[in-house]
Amino acid sequence: MDQAPTNLGAHTEAGPASVVTDYYRCPSDSIHIKVSAGRPATLTSFTFKSVPCFGRVAGVNDAARPGAGADTSYEIGSDRSMVLPFDPAEVVENFRHERYTAKRNSDRMLRAAYYTMRPLLGARVRQMIQRQLVRRRLAGGFPHWPLDCSVERLLETLMFAALDAREGDEIPFIWFWPEGFTSAVMMTHDVEAAVGRDHCAMVMDLDAMFAIKAAFQIIPEGRYGNVDALIDAIKARGFEANIHDLDHDGRLYADQEKFRSRATKINQYGKHYGLRGFRAGAMYRQQEWFSFLDFDYEMSVPTVAHLEPQEGGCCSVMPYFVGNLLELPLTTVQDHALFYILREPSIDLWKRQIESIVEHYGLISFIVHPDYIVGQQEQNAYRELLAHLAAIRESLNLWVALPAEINDWWRQRREMRIVRESDSWQITGKGSERARLAFARNVDGKLTYRLAGGHQTQPGLPAAPGAQRCPTVR
Ligand SMILES: [Zn+2]
């Protein structure tokens with residue numbers, strides 16, 4: 001296990017450019033950002049070169065939600081730094097920590113009422129209410145459905161602006177994934193009840209058939225007995241196990257004091273079973289309280305949460321740190337929502353989401369419940385997804401990895417450095433033999449990435465060796 005530093009950011013350059021240099025792992029002196037003075041105290045919605053933003057911005061009046069306000073741009077200072085009317089680090093934090101949801105209370109009240117009533121309602125009524133809630137959220141427009149990559153789009157736009165400020169120079173960075181993989185795929189299975197536990201072996205068989213590694217999230221208390229044997233069986237077959245909630249009563253984050261004592265128990269289970277990852281029941285979360293969780297990684301933040309009980313979403317398809325905990329967001333629709341809320345028999349939505357995530361080289365993560373793929377139709381859909389992943393794994397050069405492997409890589413990449421050695425750039429640090437040097441360039445007015453060792457002059461090259469297409473960043 002990698003021992004991560006205790007202080008996030010202690011090794012990074014402070015200042016507004018650090019959010020860009022941390023994301024790309026490019027040399028800290030390659031991007032210079034200055035933030036204009038005179039920003040108001042209130043948070044506002046606006047856009048930056050059409051990318052939705054939410055934060056304090058100079059010269060823009062209040063608007064209701066991200067993307068609704070005025071469009072802003074940058075200027076290039078006399079020292080060739082980029083001058084922005086907002087702090088990009090603050091805007092990215094507001095997205096990742098879902099702070100833009102604070103203004104919307106009607107949804108929260110509806111949800112509270114729903115969960116009070118929930119035990120009294122039948123499955124059909126519950127699904128009807130869920131569908132009604134989803135319709136309201138989808139009509140709300142933000143985060144963008146079926147995928148919102150506002151964080152990546154903002155950072156890409158800033159990288160492009162940095163190239164502009166440097167007059168067309170290329171900027172080296174550490175490619176997002178090891179060995180030049182285009183994107184990562186992470187399959188997870190939350191085990192909800194005894195029926196799910198009894199189908200874990202079947203799901204492992206299915207996954208193994210398509211050479212997909214997966215992680216199973218296990219509820220430690222009250223849902224099904226024999227947790228030890230289940231975790232052993234999962235580990236014995238080379239799959240990963242993680243802790244899923246405490247007893248999954250839907251109230252983990254209802255009260256801070258109770259959460260702290262529950263987190264202590266959850267941490268003890270993690271230690272006892274030697275498990276490094278955590279996911280809360282029903283994707284409930286309160287990112288400000290994550291510091292009480294003693295795990296390496298957390299997996300309860302959806303990219304877009306329109307179909308989850310708790311609204312919001314981190315608007316990002318990349319892992320990110322919350323303190324020293326690595327968040328591995330859920331970037332695709334859950335099987336439950338696909339089958340029972342959208343009532344969608346095909347996997348077209350999953351395919352569309354995968355395509356959009358790959359355009360930003362992101363993490364393609366899934367939750368498929370052993371409890372819900374018992375029926376033939378659902379099981380067929382899952383088989384189809386596995387077959388699709390197996391097919392594009394080669395053609396798109398995808399890294400199918402366990403959460404623990406993604407965690408290890410992301411932590412190593414955070415510690416790596418790009419250094420200039422005589423005429424070339426080198427990556428140094430633990431794990432750097434798996435890292436690939438990449439360059440961001442302006443090719444015909446578009447941000448384009450090029451991996452070292454590829455052809456140097458042609459635009460539109462595959463982002464990774466073996467990839468059939470190179471999604472130019474939009
Ligand atoms: Zn669950």
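**Close-up views of a predicted model**

**View 1**
Strand E7 (residues 171–174) pairs with E19 in the antiparallel sense, over four bridges. This is a predicted model: local features need pLDDT of at least 70, side-chain atom pairs count only at pLDDT 80 or more, and totals for chains, interfaces and linings use all residues. Residues are numbered from 1 along each chain as its sequence is written, and side-chain values use heavy atoms, with hydrogens and water left out. Strands (E, at least two residues) and helices (H or I, at least four) are DSSP runs, numbered from the N terminus. Two strands pair if DSSP finds at least two bridges between them. Proline 172 has phenylalanine 439 of E19 as its bridge partner. E19 also runs antiparallel to strand E20 (residues 446–451), joined by six bridges. Here asparagine 442 has leucine 447 of E20 as its bridge partner. Two residues lie between the strands of this hairpin, and aspartate 444 takes a positive phi near 55 degrees. Five of the seven residues of E19 (residues 437–443) are buried, so E19 is largely enclosed by the rest of the structure. Buried means under 20% relative accessible area, exposed over 50%, and partly exposed in between (1.4 Å probe, protein chains only).

**View 2**
Strand E2 (residues 44–48) pairs with E3 in the antiparallel sense, over five bridges. Phenylalanine 46 has cysteine 53 of E3 as its bridge partner.

H5 has 16 residues and reaches 22 Å from its first C-alpha to its last, close to the 22 Å expected. The expected span is 1.5 Å times one less than the number of residues. In H5, 13 of the 16 residues are buried, so the helix is largely enclosed by the rest of the structure. Just after H5, glutamate 167 takes a positive phi of about 60 degrees.

**View 1. Helix H12 and its packing partners.**
The 20 residues of H12 (residues 376–395) should span 28 Å, and the end C-alpha atoms are 29 Å apart, which agrees. Its buried residues include Tyr382, Leu385, Leu389 and Ile392. The buried residues of H12 pack against several elements, among them strand E8 (183–191), helix H7 (200–209) and helix H11 (348–358). Contact means heavy atoms within 4.5 Å. Asparagine 397 follows H12, with a positive phi near 60 degrees.

**View 2. The zinc site.**
Glu192 (OE), Glu192 (OE), His244 (NE2) and His248 (NE2) coordinate the zinc ion at 2.1 to 2.5 Å. Donors are N, O and S atoms within 2.8 Å of the metal (3.2 Å for Na, K and Ca); water is not among the atoms, so sites may look incomplete. Along the chain, the donors follow the spacing E-x51-H-x3-H. Histidine 244 and histidine 248 are both buried.
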